[in-house]
Amino acid sequence: DDRDAVRDAEGDTEQTDDANDDALPGGVGTGRFLHEVLESLDIAVLAAAASLADWQVAPGVKALFEHRAARHDIDRRHLPAAQSAIFAAFRGPIRLTSESPFELAAATRHLREAEFLYPIPEQVHPRLDALARAVGRAELVIDRGVLKGFIDLLFEHEGRAYVLDWKSDLLPRYDAARLSSHVAEHYALQARIYTLALVKMLRITGERDFEARFGGVVYSFLRAVTTAPDETGHDRRGIYFSRPSWSDVLASERELIAHPAFGASAESGAP
């Protein structure tokens with residue numbers, strides 16, 4: 001998506017052949033198709049459906065999928081697989097912390113395509129944990145520009161706010177270890193940028209507030225999520241979850257100050 005400076009191009013990594021001709025194909029087109037459906041679908045209708053089959057015949061669902069598929073040249077035979085993946089993403093039981101499993105569709109609040117815009121951290125900027133003391137005391141100088149983007153989904157659960165990013169990456173497997181290494185290799189910077197964005201949106205400036213209101217970062221790999229719980233009552237296959245500590249967030253801020261992708265920060269001593 002060219003609106004978003006930090007959004008990835010999905011579907012181009014680790015392509016594998018799939019023996020099922022009806023399975024979702026790889027490629028950027030599939031990722032964009034799924035994202036557009038996820039941006040537009042009625043979450044309340046999906047949440048109220050008794051089953052996948054019930055949701056598939058709900059008013060507007062078929063037309064939404066067919067219209068978006070035509071825009072991205074997705075064959076109609078792939079639509080049932082896409083519908084199943086999206087239904088599972090919202091209705092499958094997930095457990096992000098030690099709390100009870102829940103369905104994303106039942107989260108307290110959802111905000112899709114949440115836009116953020118904030119200055120690239122500079123050496124001369126007040127740090128997150130000093131903002132409350134620095135307000136109104138100095139002009140904020142922006143030398144390296146700003147970070148602008150769109151977060152796929154912000155949701156609230158048990159009083160905490162979470163970042164969620166949909167992924168359509170085609171991987172050989174989706175176990176926890178593989179997802180962890182894949183996210184570390186391809187999305188580590190994105191996760192840090194999104195985390196800082198949400199912290200700034202929530203106006204969090206201290207550890208106590210952070211612990212009470214920040215939930216974490218979720219990557220939902222749509223090809224692997226399922227509605228079927230495992231023997232523990234939930235299934236995290238296809239779900240990558242990270243909850244950084246407040247010290248991790250402050251470290252991420254420092255890392256962005258020196259990150260080569262954004263050039264040297266003023267008074268940073270960087271060449």
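Author: Let us begin with R203, which is placed in the loop between α8 and α9. Helices (H or I, at least four residues) and strands (E, at least two) are DSSP runs, numbered from the N terminus. The model is predicted: local features need pLDDT of at least 70, side-chain atom pairs count only at pLDDT 80 or more, and totals for chains, interfaces and linings use all residues. Residues are numbered from 1 along each chain as its sequence is written, and side-chain values use heavy atoms, with hydrogens and water left out.

Reader: Does R203 count as buried, partly exposed or exposed, and why?

Author: Buried means under 20% relative accessible area, exposed over 50%, and partly exposed in between (1.4 Å probe, protein chains only). R203 has a relative accessibility of 71%, so this residue counts as exposed.

Reader: What is the value of phi at R203?

Author: R203 is a residue other than glycine, and its phi is positive. The residue belongs to the loop between α8 and α9.

Reader: Where does E113 lie, and is it buried or exposed?

Author: E113 is not a glycine, although it has a positive phi of about 50 degrees. It lies in strand β3 (residues 109–119). Because its relative accessibility is 17%, E113 counts as buried.

Reader: How are helices α8 and α10 oriented to each other, and why?

Author: Axes are lines fitted to C-alpha atoms, for helices over the stretch in contact, and angles run from 0 to 180 degrees between N-to-C directions. Helix α8 (residues 188–201) and helix α10 (residues 246–258) pack with their axes 10 Å apart, at an angle of about 110 degrees. Angles under 35 degrees count as roughly parallel, over 145 as roughly antiparallel, 65 to 115 as roughly perpendicular and the rest as oblique. The angle therefore makes α8 and α10 roughly perpendicular.

Reader: Which residues of α10 make the contact with α8?

Author: Contact means heavy atoms within 4.5 Å. From α8, the contact is made by L189, R192, I193, T195, L196 and V199. From α10, the residues are W246, V249, S252, E253, E255 and L256.

Reader: Which elements do the buried residues of α10 pack against?

Author: The buried residues of α10 are W246, V249, L250, A251, S252, E253, L256 and I257. They pack against β4 (146–157), α8 and α9 (207–213).

Reader: How are α1 and α5 oriented to each other, and why?

Author: The axes of helix α1 (residues 28–40) and helix α5 (residues 79–91) come within 11 Å. They cross at roughly 50 degrees. The two helices are therefore oblique to each other.

Reader: How many nonpolar residues has the contact of α1 with α5?

Author: The contact is made by F33, L34, V37 and L38 of α1 and L79, A82, I86 and F90 of α5. Ala, Val, Leu, Ile, Met, Phe, Trp, Tyr, Cys and Pro count as nonpolar, Asp, Glu, Lys and Arg as charged, and the others, Gly among them, as polar. The contact has no polar and no charged residues, and its nonpolar residues number 8.

Reader: How far apart in space are R243 and T195, C-alpha to C-alpha?

Author: R243 is found in the loop between β7 (239–242) and α10. In sequence, R243 and T195 are 48 residues apart. In space, C-alpha to C-alpha, their separation is 9.4 Å.

Reader: What percentage of the residues of the chain count as buried?

Author: The secondary structure of the chain comes to 10 helices and 7 strands. Of its 271 residues, the share that counts as buried is 48%.
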